[in-house]
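Keep the structure open as you read.

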Amino acid sequence: MYILIIGKNGQLAYELANSMPAGITAKFLSSHELDISNQAAVHTLIATEQPNAVINAAAYTAVDKAETEQEQAYAVNAKGPQYLAEACQAVGAHLVQVSTDFVFDGTANTPYLPTSATNPVSVYGSSKLAGEQAVQQALPSATIIRTSWVYSSHGNNFVKTMLRLMKEKEQLGVVADQIGAPTWAAGLARVCWQAAQQKPAGIYHWSDAGVASWYDFAVAIQSLARCKGLLNKQIPVNAIATADYPTPAKRPSYSVLSSKQLCQALGISQIHWREQLNAMLNEL
């Protein structure tokens, strides 16, 4: 199989490169090599490359900046996936589109199903939902995978930010009233490879098992990092409310995703987020 990976410099693409299955040839493209918001460029490239599948790991993910940079967010998160889906349709390629828990408003109290009603509360969430809808319209056979709280040993993410702040600060306040599930990008990458090969059509969810608040996640990061010698001191981590830490974009207060359907479709099982965090910290 020949697979194109869009979004070469992101943390998901980094993990895709580290976990490429046997029998697959892949080409990784950065935004400089392919601007997915350029329709003609996307169609030309896909027509030339003739891939069997495309994994779109590119996204505009600056959640707060998106509130003022709406045009950029929609260009990458909505138009880009639409053009990729149209181009894949033209050459008979499968598309794996990665989406987000931010398509939900966070008012649920049980894990969201792929069929649960969407109602994004931020520009970022709205732009990602528009991307999902465009993909489904242009290429109904595509696999859309919503995920949450992604981190990796590569790039910028919550885990690496926490480790840096825990070295610099005397104490930290971390939001305790937003509940979700952390997801190691390495696990997500393996799921994307399987989806590209097995081609389940429709919308699915994937995160690591278990639930956490950002506060729980931060406490676990410090505890495990201390055991591994990544941090040489313990600092107080204080639980704060979302209201105490205002941000330009609103976040869902509950965004746990049910991964059951994807586990069944691909014949896989989830690993608990603590175990995955442990494995990622071992890499560091």
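Start with helix α2, residues 39-49, and helix α3, residues 70-91. In this predicted model, their axes come within 9 Å and cross at roughly 30°. Angles under 35 degrees count as roughly parallel, so α2 is roughly parallel to α3. The crossing of α2 past α3 is right-handed.

Now look at the side chains between them. From α2 come Gln39, Val42, His43, Ile46 and Ala47. They meet Tyr83, Leu84, Glu86, Ala87, Cys88 and Val91 of α3. Sorted by class, this contact has eight nonpolar, two polar and one charged residues.

Two packed helices are described by the angle between their axes and the distance between the axes. Apply that to the next pair, α5 (158-168) and α7 (214-227). The axes of α5 and α7 come within 10 Å and cross at roughly 65°. α5 also passes α7 in a right-handed crossing.

Which residues of α5 and α7 meet? α5 supplies Phe158, Val159, Met162, Leu163 and Met166. α7 answers with Trp214, Phe217, Ala218, Ile221, Gln222 and Ala225. By class, the contact of α5 with α7 has ten nonpolar residues, one polar and no charged ones.

Both α5 and α7 also pack against buried residues of α9. Helix α9 spans residues 273-283. Its buried residues are Trp273, Gln276, Leu277, Met280 and Leu281. Seen down the axis of α9, they fall within an arc of 135°, so they line one face of the helix. An α-helix has 3.6 residues a turn, so residues three or four places apart point the same way.

What does the face of α9 turned away from its buried side carry? That face carries the exposed residues Glu275 and Asn282. The partners of the buried residues of α9 include helix α6 (185-198) as well as α5 and α7. Strands take part too: β6 (150-151), β9 (183-184) and β11 (212-213).

Finish at Ser99. Ser99 lies in strand β4, residues 94-100. Is Ser99 buried or exposed? Its relative accessible area is 3%, so Ser99 is buried. Buried means under 20%. Leave aside residues up to four places away in sequence, and Ser99 touches Lys128, Glu132, Ile144, Ile145, Arg146 and Thr147.

Note on methods
Residues are numbered from 1 along each chain as its sequence is written. This is a predicted model: local features need pLDDT of at least 70, side-chain atom pairs count only at pLDDT 80 or more; totals for chains, interfaces and linings use all residues. Side-chain values use heavy atoms; hydrogens and water are left out. Axes are lines fitted to C-alpha atoms, for helices over the stretch in contact, and angles run from 0 to 180 degrees between N-to-C directions. Helices (H or I, at least four residues) and strands (E, at least two) are DSSP runs, numbered from the N terminus. Angles under 35 degrees count as roughly parallel, over 145 as roughly antiparallel, 65 to 115 as roughly perpendicular and the rest as oblique. A crossing is left-handed if the near helix is turned anticlockwise from the far one by less than a right angle, and right-handed if clockwise. Contact means heavy atoms within 4.5 Å. Ala, Val, Leu, Ile, Met, Phe, Trp, Tyr, Cys and Pro count as nonpolar, Asp, Glu, Lys and Arg as charged, and the others, Gly among them, as polar. Buried means under 20% relative accessible area, exposed over 50%, partly exposed in between (1.4 Å probe, protein chains only). The arc is that of the directions from the helix axis to the C-beta atoms.
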